[in-house]
Amino acid sequence: MNFLFLRKITPQSSPFPWVQLLRKLPLSTFRLFPTSQATQFFFPVAILQRFLPKTQPSAMKRYLNTYLHTDIRNSVEHFNVLIDGYCRNGEVSRAVELLEGMKTNGPAPDIVTYNTLINGFCKIGDVFTARKLMGEISLVNLEPNVITYTTLIDAYCKIQCVEDARSMYDEMTVKGLVPDVVTYTCIMNGLCKSGKVKEAKSVFREMEEVGVVPNHFSYATLIDSLFKEGNEAEAFAFQG
């Protein structure tokens, strides 16, 4: 089944800037999107998420329920946008309510739903609930991905629970997931903040050995820590 992204765009003024932007787009922009393929939602969802910080989630929900075609209104992508909005607004309890509604009435949550909620709880410092949500993923026939693990690794490192972060890292590699540059940099940052610069250097070397290219933040994290511990020569060596 196909649907148009917006059922209609009325000429009346709207309180949401993203709606004003949509009105300026040519009609050719609004193509048909298959409801079964999440990737097809990328363009419209990106527009919505760009303006989420400026929009109260509850007000946005009312507006979307009015103007979105029924197929997208009942899609997991639509719910994910709303959950992201609540999480960005710090209203994680409202986001959880939406998740529970999805599990009861549909549509079924996907890994993006859980990753968004996990990130939301990590942002407010509730890593315990975030970890609990991760444990729930397998119960709904889903599997954590690199984003899931990296989000939790970053959260553990920020509260200096480096051992928990390393445990997450070990778990993801055992499952065959390949850490990316963000994962490695998060671990390095946590180790450096805990004064374990030597271990951070080992992680840096491991990253290079497996073919993951360090980025600016990877180098900056290590170089800054080397300078702070008075190892200027090695810091300059990393600067090349």
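Helices (H or I, at least four residues) and strands (E, at least two) are taken as DSSP runs and numbered from the N terminus. The structure is a predicted model, in which local features need pLDDT of at least 70 and side-chain atom pairs count only at pLDDT 80 or more, while totals for chains, interfaces and linings use all residues. Residues are numbered from 1 along each chain as its sequence is written, and side-chain values use heavy atoms, with hydrogens and water left out.

The chain holds 14 helices and two strands. Of its 240 residues, 45% are buried, where buried denotes under 20% relative accessible area, exposed over 50% and partly exposed the range in between (1.4 Å probe, protein chains only). Contact is defined by heavy atoms within 4.5 Å. Among contacts in the chain between residues at least 6 apart in sequence, 60% join residues at least 24 apart.

Backbone features were located in several loops. G106 and P107 are joined by a cis peptide bond with omega of about -5°, and P107 is placed in the loop between helix 6 (92-105) and helix 7. Although N141 is not a glycine, its phi is positive, at about 60°. N141 belongs to the loop between helix 8 (127-137) and helix 9 (146-158), and it counts as exposed because its relative accessibility is 73%. Q160, likewise not a glycine, has a positive phi of about 60°; this residue is found in the loop between helix 9 and helix 10.

T116 lies in helix 7 (residues 111-123) and counts as buried because its relative accessibility is 14%. When residues up to four places away in sequence are not counted, T116 touches I83, D84 and C87. The C-alpha atoms of T116 and I83 are 7.2 Å apart, although 33 residues separate the two along the chain. T185 is situated in helix 11 (residues 181-193), and its relative accessible area of 11% is why it is classed as buried. With residues up to four places away in sequence again left out, T185 touches N215, F217, S218 and T221.

Helix packing was described for two pairs. Two packed helices are described by the angle between their axes and the distance between the axes. Axes are lines fitted to C-alpha atoms, for helices over the stretch in contact, and angles run from 0 to 180 degrees between N-to-C directions. Helix 10 (residues 162-174) packs with helix 11 at an angle of about 155°, and their axes are 10 Å apart. Helix 10 is therefore roughly antiparallel to helix 11; angles under 35 degrees count as roughly parallel, over 145 as roughly antiparallel, 65 to 115 as roughly perpendicular and the rest as oblique. The crossing of helix 10 and helix 11 is left-handed, meaning that the near helix is turned anticlockwise from the far one by less than a right angle, whereas clockwise would be right-handed. V162, R166, Y169 and M172 of helix 10 make the contact with T183, Y184, I187, G190 and L191 of helix 11. These residues comprise six nonpolar, two polar and one charged, with Ala, Val, Leu, Ile, Met, Phe, Trp, Tyr, Cys and Pro counted as nonpolar, Asp, Glu, Lys and Arg as charged, and the others, Gly among them, as polar.

For helix 12 and helix 13, the packing angle is about 155° and the axes are 10 Å apart. These helices are therefore roughly antiparallel to each other, and helix 12 passes helix 13 in a left-handed crossing. The contact involves V197, A200, K201, F204, M207 and E208 of helix 12 together with S218, Y219, L222, S225 and L226 of helix 13. By class, seven residues of this contact are nonpolar, two polar and two charged.

A search of the whole structure finds three aromatic pairs; rings of Phe, Tyr and Trp (its six-membered ring) pair if their centres lie within 6.5 Å, and planes under 30 degrees apart count as stacked, over 60 as edge-to-face and the rest as tilted. One of the pairs is formed by F204 and Y219, which are edge-to-face at 5.3 Å centre to centre with 65° between the planes. This pair links distant parts of the chain, with F204 in helix 12 (residues 197-209) and Y219 in helix 13 (residues 216-228), 15 residues apart. F204 counts as buried at 2% relative accessibility, whereas Y219 counts as partly exposed at 30%. F227 and F236 also form an edge-to-face pair, at 5.3 Å centre to centre with 90° between the planes. F227 is partly exposed at 31% relative accessibility, and F236 is exposed, with a relative accessible area of 51%.
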